[in-house]
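Reader: I have a chain open on my screen and would like to go through it. Can you take my questions as they come?

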Amino acid sequence: MRAFFFALALMVAGPVWAAIDTYEFQDDEAREQFQQLTQELRCPKCQNQNLADSNSPIASDLRREVYRMVESGDSNDQIVDFMVARYGEFVLYRPKVNEATYVLWYGPFVLLAIGMVVVVLLARARRSKEAKASDSANLSHDEQARLSELLKDNNGESK
């Protein structure tokens, strides 16, 4: 039984031994550039993790590549262009605005505008329907007098 618990403890403690990437930078500016890029670039394997947070082997390779490019003095745009050329627009959390991404960038605003138009049209239709209903519910003077008489007679009988 002890062996079972020991094996279970070793399996649970496995992630503790995971490797952590450590990089030596020339200066703080290079470190910040590396951190910014690894936060902005998405891991090609993981759906919604950036390079900094992903533990996949490809993310580790890409972090090494970003480090190499930062150390060689490449700009952010050059590094991002390299990654996009190699892995496509998927690696960007904020894809560039072009013909292929118009729906992504402007689609929510179009849907919001359509929703607002639908709400306005429904409100107008409801108001006009209520107005028509209230017009038919209006009683003429003779009808009001007759209603008052009926109500008086009914109140008199209940006493």
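Predicted model: local features only at pLDDT ≥ 70, side-chain atom pairs only at ≥ 80, totals over all residues.

Reader: How many helices and strands does the protein chain have?

Author: Six helices and zero strands. Helices (H or I, at least four residues) and strands (E, at least two) are DSSP runs, numbered from the N terminus.

Reader: What share of the residues is buried?

Author: Of the 159 residues, 21% are buried. Buried means under 20% relative accessible area, exposed over 50%, and partly exposed in between, with a 1.4 Å probe and protein chains only.

Reader: Which residues have the most contacts inside the largest nonpolar core?

Author: F34, L41, L51, V66 and V70, in a core of 21 residues. Two or more residues each come from α2, α3 (57-71) and α4, and α3 gives the most, with six. A nonpolar core is a set of buried Ala, Val, Leu, Ile, Met, Phe, Trp, Tyr and Cys residues joined through side-chain atoms within 4.5 Å.

Reader: What is L41 in contact with?

Author: Leaving aside neighbours within four places in sequence, L41 is in contact with N50, L51, V66, V80, M83, V91, L92 and Y93. Contact means heavy atoms within 4.5 Å.

Reader: And T38, buried or exposed?

Author: T38 is buried, at a relative accessible area of 3%. This residue lies in helix α2 (residues 28-40). Beyond four places in sequence, the contacts of T38 are N50, L51, A52, R63 and V66.

Reader: Back to α3. What do its buried residues pack against?

Author: They pack against α2 and α4. The buried residues of α3 include L62, V66 and V70. Just after α3, G73 takes a positive phi of about 95°.

Reader: Changing topic: which residues make the nonpolar surface patch?

Author: V97, Y102, L104, W105, Y106, F109, V110, L111, I114, V118 and L122, covering about 1100 Å². Patch residues have over 30% relative accessible area and no salt bridge; nonpolar side chains (Val, Leu, Ile, Met, Phe, Trp, Tyr) are joined within 5 Å, like charges within 9 Å. A salt bridge is a side-chain nitrogen of Lys or Arg within 4 Å of a carboxyl oxygen of Asp or Glu.

Reader: Where is V97?

Author: V97 is in the loop between α4 (76-87) and α5 (102-137). V97 counts as partly exposed because its relative accessibility is 46%.

Note on methods: Residues numbered from 1 in each chain as written. Heavy atoms only, no water. Areas by Shrake-Rupley, 256 points an atom, 1.4 Å probe, with all protein chains shown as cover.
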